[in-house]
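These are comments for a colleague who is starting to read protein structures. Please keep the model open while going through the points.

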Amino acid sequence: MNTDATKKGSVWDVKEIRIEDLDPEALIAEKIDEISATVGDGCAVNALSGGVDSSAVTILAHRALGDRLKTYFIENGLMRPGEPARIAGIFKELGVPVEFVDAREQFFGALDGLTDPEEKREAITHSFYKVVFGDLVKQSGAKYLLQGTNYTDVEETIAGVKRQHNILEQLGIDTKKVYGYRVLEPLIQLRKSGVRKIAKALGLPEEIHNRPPFPGPALATRIIGEVTPERVETVGKATTIVEDELKSTGAFQYLAILHEDRVTGVRNGKRDFGLQIEVRCWESRDAKVGKPTRLPFETLEKIAGRITSEVPGVVSVTYNITSKPPSTIEAV
Ligand code: XMP
């Protein structure tokens, strides 16, 4: 990562609002006014992924701009199974129209052959902001893109831990020049716990405001090695099982990771050189530091049994018992 770039216009200019100092109603009113004043009588776009950050921004901006906000759900092929339909349903009920954009070809094309974690993140950022939103902004005439960047995202990128997909201006990128639009980030002073309070105060259902975090680059952060539609399908199936088995734990985040290496297994008495899935379950407050949840062994055995019987090709399941740091929450 370019350290000179990381210092320009950095997060250090942004003042964190700590959870104990947050007045959700006051901040909502302030941000709605700010969005209205900045966008004026023009229009803006935003991408909804269904995560708490982008959902909160969608409602804030919808309140500020009404039908001058165009909300897109970008189908990048990297989402969890069933996700697009579920999110569209929730927002339809809330009266917010969401338009689907099928961008699978662009994302898989950009990821083709890449195995380096930061190169994969860069490819996703480029596909999202330049290729997909560059076009959508041209079509809609919008001058602004609203997004749910939070304080931790910026902090991690500036610190050089990971290039978070949504960090642009804090890295010295002039979005107007490079992509043709400005980025507005009304939640940037908040950490995840603060965003949840805002989302609840905005009337988002529990399913959204209490959702475990899910990264912008989606399942690509959980695939070690190349990201292909087949490999997304494998990690997606394992994710469904892990989420199903661990949702009652109340843990901060739980996930499945597909490894690049294969290992020798045995199935029906025959050698099966198969795939490995790693399960992670985190105790954390803000994703900055984390500890593995002390899951009952029976739970782990059940997950392993389900993954090896329900996800084709998997012969090994492991549980990560490392803290962050030195681990990170996602694998990529
Ligand atoms: P890591 O893996 O860095 O993750 O320990 C910290 C938290 O951030 C989420 N995450 C992301 N969120 N864009 C996001 O919006 C990203 O590029 C990204 N990468 C990781 C991760 O799920 C965890 O909650």
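Predicted model: local features only at pLDDT ≥ 70, side-chain atom pairs only at ≥ 80, totals over all residues.

The points below cover a sheet, its helices, some aromatic rings, and two further elements.

1. The open sheet. Start with the five strands that form an open sheet, in the order β3-β2-β1-β4-β5. The pairing in this sheet is parallel. β3 (98–102) and β5 (182–184) stand at the edges with a single partner strand each, so one side of each has no neighbour in the sheet. On average, neighbouring strands are turned by 35 degrees against each other, direction ignored.

2. β2 and β3 run parallel and are joined by five bridges. Within this pair, isoleucine 74 is found opposite valine 101 in β3.

3. Helices across the sheet. Helix α2 (residues 24–39) lies across β1 (44–47), β4 (144–146) and β5. The angle between α2 and β4 is about 160 degrees. α6 lies across β1, β2, β3 and β4, and runs at about 145 degrees to β2.

4. Aromatic pairs. A pair of aromatic rings is described by the distance of the centres and the angle of the planes. The count here is six aromatic pairs. In one of them, the ring centres of tyrosine 72 and phenylalanine 133 are 6.0 Å apart and the planes are at 75 degrees, so the pair is edge-to-face; the cut-off for that label is over 60 degrees. Tyrosine 72 belongs to strand β2 (residues 69–75) and phenylalanine 133 to helix α6 (residues 117–140), so this pair ties together parts 61 residues apart in sequence. Tyrosine 72 counts as buried, at 2% relative accessibility, and phenylalanine 133 is buried as well, at 0%.

5. Tyrosine 179 counts as buried at 12% relative accessibility, and tyrosine 181 counts as buried at 0%.

6. The cluster, and a charge over a ring. Tyr72, Phe133, Tyr179 and Tyr181 are among the members of one aromatic cluster, which also includes Phe128 and Tyr129. As a separate item, arginine 80 lies over the face of phenylalanine 214, at 3.7 Å from the ring centre.

7. Helix α9. The buried residues in helix α9 (residues 192–201) are Lys192, Gly194, Val195, Arg196, Ile198 and Ala199. What do the buried residues of α9 pack against? They pack against α2, α3 (52–65) and α10 (206–209). Glycine 203, which follows α9, has a positive phi, near 90 degrees.

8. Strand β6. Strand β6 (residues 253–258) is mostly covered, with six of its six residues buried. Gln253, Leu255 and Ile257 point one way from β6, while Tyr254, Ala256 and Leu258 point the other way. β6 pairs with strand β8 (residues 270–283) in the antiparallel sense, over six bridges. Leucine 255 has arginine 280 as its bridge partner in β8.

Conventions
Residues numbered from 1 in each chain as written. Heavy atoms only, no water. Phe/Tyr/Trp six-rings, centres within 6.5 Å; stacked < 30°, edge-to-face > 60°. Helix = DSSP H or I, 4+ residues; strand = E, 2+ residues; numbered from the N terminus. Buried < 20%, exposed > 50% of the residue type's maximum accessible area, 1.4 Å probe, protein only. Lys NZ or Arg CZ within 6 Å of the ring centre and 35° of its normal. Pairing = 2+ DSSP bridges. Axes fitted to C-alpha atoms, helices over the stretch in contact; angles between N-to-C directions. Contact = heavy atoms within 4.5 Å.
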